[in-house]
Amino acid sequence: SGKAGGSALYSAAGDEREARVIREENERLVLQLVAKTTELAEMSEEVLMLRRDLARIKEINQGLTDRITFLEAAANAAAGGAMGAPEGRGMAMAPPPPPPVKGGGGGKPTKPVKGKK
């Protein structure tokens, strides 16, 4: 009976140690999960800001493309008009000013992405 009682006592102490180790591991994993969840939320916010910046930059690029196309057409029209104009008549009429570029600056700068400078 003494042997059986000692064995049960040893087993109970082992179970307590094992339970403590498991609780510590669980606590460590919960802390790690909280840290990763916070990191994910920050990264999601950065992704949203980068997407807004990208949309704004695409809009600016489209405006610049439109302006370049307009200026090329005006230059071609002026070159064609000047070459085809009879002597003494002068140059073709100057083209109207190009359209303004949309979204050209003045935007709120975004915060830098962590780890990238």
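**Exercise 1: the chain as a whole**

Find how many helices and strands the protein chain has, and what share of its residues is buried.

Step 1. Helices (H or I, at least four residues) and strands (E, at least two) are DSSP runs, numbered from the N terminus. Here you will find one helix and zero strands.

Step 2. Call a residue buried under 20% relative accessible area, exposed over 50%, and partly exposed in between (1.4 Å probe, protein chains only). Of the 117 residues in the protein chain, 5% are buried.

**Exercise 2: the salt bridges**

Locate the two salt bridges of the structure and describe the residues in them.

Step 1. Recall the rule: a salt bridge is a side-chain nitrogen of Lys or Arg within 4 Å of a carboxyl oxygen of Asp or Glu. Side chains of opposite charge can pair when their charged atoms come close.

Step 2. Look at Glu25 and Arg28, whose side chains form a salt bridge at 2.7 Å, N to O. These two residues are three apart in helix α1 (residues 2–84), so about one helical turn separates Glu25 from Arg28. Glu25 is partly exposed at 35% relative accessible area, and Arg28 is partly exposed at 43%.

Step 3. Now turn to Glu39 and Lys36, which meet in a salt bridge at 3.7 Å, N to O. Both lie in helix α1, three residues apart, or about one turn of the helix. Glu39 is partly exposed with 37% relative accessibility, and Lys36 is partly exposed with 48%.

**Exercise 3: confidence**

Decide where the model calls for careful reading, using pLDDT, the predictor's confidence in each residue from 0 to 100.

Step 1. Start with the average: the protein chain has a pLDDT of 79, and 61% of the residues score at least 70.

Step 2. Find residues 85–91, where pLDDT stays under 50. With contact meaning heavy atoms within 4.5 Å, the model has two contacts beyond four places in sequence for residues 85–91.

Step 3. Draw the lesson: where pLDDT is low, the predicted coordinates should not be read in detail.

Note on methods. Residues are numbered from 1 along each chain as its sequence is written. This is a predicted model: local features need pLDDT of at least 70, side-chain atom pairs count only at pLDDT 80 or more; totals for chains, interfaces and linings use all residues. Side-chain values use heavy atoms; hydrogens and water are left out.
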